[in-house]
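User: I would like to go through the structure below and ask, for each label, which criterion stands behind it. Please set the values against the definitions as you answer.

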Amino acid sequence: MLIVGIGGTVSPVSSSDQALRTTMTEISRLGADTRLFTGEFLKALPTYDPTAPARTAAAADFVGELRRASGIVLSGAAYHGTVSGMFKNALDYTEDLALDSPPYFSGRPVGCIAVAKGWQAGVGTLTTLRSIVHALRGWPTPYGCVVNTSPGAGPGSGLDGARDGLCLLAGELYQAAQLFDSRATVAAK
Ligand SMILES: Cc1cc2nc3c(=O)[nH]c(=O)nc-3n(C[C@H](O)[C@H](O)[C@H](O)COP(=O)(O)O)c2cc1C
């Protein structure tokens, strides 16, 4: 079972990257193979062009791994109350899955993590991530995680405060991916 993680920024100390890695490490501990697409990779992706005749090798690899994945984890930093342009550009590549059968993220669980310097942008960005997943016909896990990186944000804030929530999300995602995979196998027989 492959779980793909997308997220992080180009910051050398990216907290959305760290939140993603904590989650993916837990998913790997549970037994899945993992593949991460993080800041520098996302930065190098060309602006998505639906009319382009061909993709770069990196973009084709990215889309291929998304196609193969049993589940996906999205870890987005909040930029001005929503996801960053670089992160959204990567998600725009899911349009290459539009004609798949089934399309986009159908039949796959998706864990959503929003990282912000305040609760308001964190909650708003988590809602945005879930809306994107719904548009892509994926299944957001019941638990979504907000990480508030503002110093002095109080109990439950920061990466340490979010650790239990990230592991909870990882467990739900792994369990759902197993369930969806077993149903798909039965349906194919
Ligand atoms: C361009 C930009 C816009 C941001 N906008 C918001 C915002 O609207 N609300 C907020 O709480 N934090 C905002 N932040 C703070 C980031 O969400 C926060 O620092 C987060 O931890 C960044 O993720 P990173 O550590 O992975 O780079 C913004 C940061 C940047 C660089």
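Analyst: A disulfide is here a pair of cysteine sulfur atoms within 2.5 Å, and by this rule the count comes to 0 disulfides. Cys 112 is in no disulfide, since the nearest cysteine sulfur, that of Cys 145, is 11 Å away. Cys 145 is likewise in no disulfide, the nearest cysteine sulfur being that of Cys 167, 9.3 Å away. The model is a predicted one, in which local features need pLDDT of at least 70 and side-chain atom pairs count only at pLDDT 80 or more, while totals for chains, interfaces and linings use all residues. Residues are numbered from 1 along each chain as its sequence is written, and side-chain values use heavy atoms, with hydrogens and water left out.

User: Why is Cys 112 called buried?

Analyst: Buried means under 20% relative accessible area, exposed means over 50%, and partly exposed is in between, with a 1.4 Å probe and protein chains only. Cys 112 has a relative accessible area of 1%, so it is buried. Cys 145, with a relative accessible area of 2%, is therefore buried as well.

User: How do you know that the length of helix H5 agrees with its number of residues?

Analyst: Helices are DSSP runs of H or I with at least four residues, strands are runs of E with at least two, and both are numbered from the N terminus. The expected span of a helix is 1.5 Å times one less than its number of residues. For the 17 residues of H5 (residues 119-135) this gives 24 Å, and the end C-alpha atoms are 24 Å apart, which agrees.

User: What makes the buried residues of H5 line one face of the helix?

Analyst: The buried residues in H5 are Gly 122, Thr 125, Leu 126, Leu 129, Ile 132 and Val 133. Seen down the axis of H5, they fall within an arc of 120°, so they line one face; the arc is that of the directions from the helix axis to the C-beta atoms. An α-helix has 3.6 residues a turn, so residues three or four places apart point the same way. The face turned away from the buried side carries the exposed residues Gln 120, His 134 and Ala 135.

User: Which elements do the buried residues of H5 pack against?

Analyst: With contact meaning heavy atoms within 4.5 Å, they pack against several elements, including strand E3 (71-79), helix H4 (85-92), strand E5 (109-116) and strand E7 (145-148). One of the bridges involves Ala 114, whose partner in E7 is Val 146. Cys 145 and Val 147 point one way from E7, Val 146 and Asn 148 point the other way, and all are buried.

User: Why is the pair of Asp 17 and Arg 21 called a salt bridge?

Analyst: A salt bridge is a side-chain nitrogen of Lys or Arg within 4 Å of a carboxyl oxygen of Asp or Glu. The side chains of Asp 17 and Arg 21 meet at 2.5 Å, N to O, so the pair meets the criterion. Being 4 residues apart in helix H1 (residues 15-30), they are separated by about one helical turn. Asp 17 is buried at a relative accessible area of 12%, whereas Arg 21, at 40%, counts as partly exposed. A search of the whole structure finds 8 salt bridges.

User: What makes the salt bridge of Arg 55 and Asp 96 a link between distant parts of the chain?

Analyst: The closest N and O atoms of Arg 55 and Asp 96 are 2.6 Å apart. Arg 55 is in the loop between helix H2 (39-44) and helix H3 (57-68), and Asp 96 is in the loop between H4 and E5, 41 residues apart. Arg 55 is partly exposed at 24%, and Asp 96 is partly exposed at 23%.

User: How do you know that the peptide bond joining Ser 101 and Pro 102 is cis?

Analyst: Omega is about 5° for this cis bond, and Pro 102 is found in the loop between H4 and E5. Most residues other than glycine have a negative phi, and most peptide bonds are trans. Tyr 104, in the loop between H4 and E5, has a positive phi near 50°, and Arg 137, which is not a glycine, has a positive phi of about 65°.

Terms used. Two strands pair if DSSP finds at least two bridges between them.
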